[in-house]
Amino acid sequence: IPPSLARFLGRVGAIFNPQKAIDPCCEDTSAIEALSDVPQRYAFFRNPAAFKDASRLSPSVRVELRDILRDAVHDLFDMVVAVVPFGLREQVGGRPRRLDEVIAERCLDLLAPNGVCLLIVPPNFLTAPLFLSFRVRVLQDMSLDAVIELSPRSLWEQSAVGAALLVIRRGPARKAGTYIAT
């Protein structure tokens with residue numbers, strides 16, 4: 001995650017004053033480290049090489065080699081921050097599934113009551129028929145507090161594809177959310 005985006009996630013996360021935060025599909029600890037005021041910070045790595053580097057370079061974050069797709073997680077968190085892998089597929093539960101959809105669902109499962117999920121998703125996450133079940137869950141059980149459009153080079157310098165930051169809170173929907181153009 002580029003430093004400017006990590007700092008932005010840190011500023012957005014600080015609004016909610018979380019005490020326990022996690023990045024459950026971590027590739028680098030920049031997003032979870034940006035939540036510097038959070039006393040308990042966790043990062044789960046699926047990639048052993050990235051885990052080894054993070055263990056050495058990020059002493060303020062509790063890093064674990066765990067697969068959010070297959071390992072049960074019983075703790076709940078005040079804040080979940082994640083960049084879902086755009087469009088990747090993998091066998092989950094014996095069938096091929098899109099990782100962005102599965103990881104987004106698992107992130108919501110980790111939220112404590114009134115917890116907040118900062119989720120960076122593909123730009124079509126709120127409109128594509130493929131993600132209908134995710135949207136229905138958010139609309140029925142949670143509150144979509146903000147949708148923030150990220151410009152095409154927010155995540156990767158060479159990318160022509162944008163992204164969106166969804167701010168999802170586990171709690172009753174507010175009367176109005178927020179949309180920030182860019």
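Aspartate 75 is partly exposed in this predicted model, because its relative accessibility of 41% falls between the 20% and 50% limits. Its side chain meets that of lysine 20 in a salt bridge, at 3.9 Å from N to O. Aspartate 75 sits in the loop between β3 (62–65) and β4, and lysine 20 sits in strand β1 (residues 20–26), so the bridge ties together parts 55 residues apart in sequence. Lysine 20 is buried, at a relative accessible area of 19%.

This pair belongs to a set of seven salt bridges in the structure. Side chains of opposite charge can pair when their charged atoms come close. Another bridge joins glutamate 64 to arginine 62, with the closest N and O atoms 3.2 Å apart. Glutamate 64 counts as buried at 16% relative accessibility. Arginine 62 counts as partly exposed at 47%. A network of salt bridges links Arg62, Glu64 and Arg66.

A further bridge pairs aspartate 109 with arginine 137, where the closest N and O atoms are 2.7 Å apart. Aspartate 109 belongs to helix α4 (residues 99–109) and arginine 137 to helix α5 (residues 132–141), so parts 28 residues apart in sequence are tied together. Aspartate 109 is partly exposed, at 40% relative accessibility. Arginine 137 is buried, with a relative accessible area of 16%.

Helix α1 covers residues 3–14. At 1.5 Å a residue, its 12 residues should span 16 Å, and the end C-alpha atoms are 16 Å apart, which agrees. The buried residues of α1 are Leu5, Ala6, Leu9, Gly10, Val12 and Gly13. They lie on the same side of α1, because they cover an arc of only 165° around the axis. An α-helix has 3.6 residues a turn, so residues three or four places apart point the same way. Pro3, Arg7 and Arg11 are exposed, on the face of α1 turned away from its buried side. The packing partners of the buried α1 residues are α2 (30–33), β4 (77–83), β7 (111–121), β8 (143–150) and β9 (163–169).

The largest nonpolar core has 31 residues. Leu119, Phe134, Leu166 and Ile168 have the most contacts inside this core. Two or more residues come from each of β1, β2 (40–45), β4, α4, β7, α5 and β9. Helix α4 gives the largest share, six residues. Isoleucine 168 touches Leu108, Leu111, Gly115, Val116, Cys117, Leu119, Phe134, Val138, Met142, Ser143 and Leu144, with residues up to four places away in sequence not counted.

Cysteine 25 counts as buried, at 13% relative accessibility. Cysteine 117 is buried as well, with a relative accessible area of 0%.

Backbone geometry picks out two asparagines. Asparagine 17 has a positive phi of about 50°, although it is not a glycine. This residue is found in the loop between α1 and β1. Asparagine 17 is exposed, with a relative accessible area of 56%. Asparagine 114 also has a positive phi, near 65°, in a residue other than glycine. Asparagine 114 is found in strand β7. At 55% relative accessibility, asparagine 114 counts as exposed.

Glycine 93 lies in the loop between β5 (89–92) and β6 (95–98). Its relative accessibility is 83%, so glycine 93 counts as exposed. Glycine 93 and arginine 70 are 23 residues apart in sequence. Their C-alpha atoms are 8.5 Å apart in space.

How values were computed: Residues are numbered from 1 along each chain as its sequence is written. This is a predicted model: local features need pLDDT of at least 70, side-chain atom pairs count only at pLDDT 80 or more; totals for chains, interfaces and linings use all residues. Side-chain values use heavy atoms; hydrogens and water are left out. Helices (H or I, at least four residues) and strands (E, at least two) are DSSP runs, numbered from the N terminus. Buried means under 20% relative accessible area, exposed over 50%, partly exposed in between (1.4 Å probe, protein chains only). The expected span of a helix is 1.5 Å times one less than its number of residues. The arc is that of the directions from the helix axis to the C-beta atoms. Contact means heavy atoms within 4.5 Å. A salt bridge is a side-chain nitrogen of Lys or Arg within 4 Å of a carboxyl oxygen of Asp or Glu. A nonpolar core is a set of buried Ala, Val, Leu, Ile, Met, Phe, Trp, Tyr and Cys residues joined through side-chain atoms within 4.5 Å.
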